Amino acid sequence: MTTQTRPFDHELVEAAAHVARTRCRGDNHTMAAAARARDGRIVTAVNAYHFTGGPCAELVLIGTAAAQGAYELDAIVAVGDRDRGVVPPCGRCRQVLLDYFPDLKVIVGEGDRIRTVHITDLLPESYVWADHQLHAEKTAPLSTG
């Protein structure tokens with residue numbers, strides 16, 4: 001699939017950068033994310049690092065958005081602390097974002113190469129959990145008791 005790039009959402013990048021500058025302190029919070037909900041609201045979050053593993057900023061953002069009643073997201077970006085700029089989502093986040101929001105746009109790149117791509121462009125030939133669940137429901141044996 002050819003990656004179709006789009007102009008990126010400057011306001012979304014700045015929202016994430018602002019949170020990264022003002023809220024990310026120390027080793028526990030090193031990444032910020034911002035997403036635009038379908039209704040136009042911007043939701044932000046930071047990661048929760050822990051040596052046992054912790055959710056990335058994108059995953060914290062999904063819960064934060066839901067807590068605010070924003071269940072449909074149009075675009076997302078992650079920005080690193082210490083002026084690291086836009087950081088692409090890790091593999092786990094790519095998969096979760098695809099499963100939750102199959103039409104999501106993701107801002108990636110650096111410097112003058114920042115652009116918006118479709119989540120499916122970040123996971124070509126991807127496994128879609130929801131598709132598997134629909135298939136499993138259709139083929140599951142009927143309970144007899």
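How many bridges join E5 to strand E6, and in which sense do the two strands run? In this predicted model, 4 bridges link E5 to E6 (residues 115-118), and the pair runs antiparallel.

**The fold around these strands**

Let's step back to the whole chain. The protein has 5 helices and 6 strands, arranged along the sequence as α-β-β-α-β-β-α-β-β-α-α. Of its 145 residues, 38% are buried. Taking contacts between residues at least 6 apart in sequence, 57% connect residues at least 24 apart. The accessible surface is about 8700 Å², and carbon and sulfur atoms account for 54% of that area.

**Strand E5 and its partners**

E5 also pairs with strand E3 (residues 73-80). Here are the two pairings of E5:

| Pairing | Sense | Bridges |
|---|---|---|
| E3 (residues 73-80) with E5 (residues 105-108) | parallel | 2 bridges |
| E5 with E6 (residues 115-118) | antiparallel | 4 bridges |

E5 and E6 make a hairpin with 6 residues between them, and glycine 109 in the turn has a positive phi of about 100°.

**An aromatic pair**

Now for the aromatic rings. The structure holds 1 aromatic pair, made by tyrosine 100 and phenylalanine 101, with 5.8 Å centre to centre and 45° between the planes, a tilted arrangement. Tyrosine 100 counts as exposed because its relative accessibility is 52%, whereas phenylalanine 101 is buried, with a relative accessible area of 6%.

Technical notes: Residues are numbered from 1 along each chain as its sequence is written. This is a predicted model: local features need pLDDT of at least 70, side-chain atom pairs count only at pLDDT 80 or more; totals for chains, interfaces and linings use all residues. Side-chain values use heavy atoms; hydrogens and water are left out. Rings of Phe, Tyr and Trp (its six-membered ring) pair if their centres lie within 6.5 Å; planes under 30 degrees apart count as stacked, over 60 as edge-to-face and the rest as tilted. Buried means under 20% relative accessible area, exposed over 50%, partly exposed in between (1.4 Å probe, protein chains only). Contact means heavy atoms within 4.5 Å. Accessible areas come from the Shrake-Rupley method with a 1.4 Å probe; for residues, only the protein chains shown count as cover. Two strands pair if DSSP finds at least two bridges between them.
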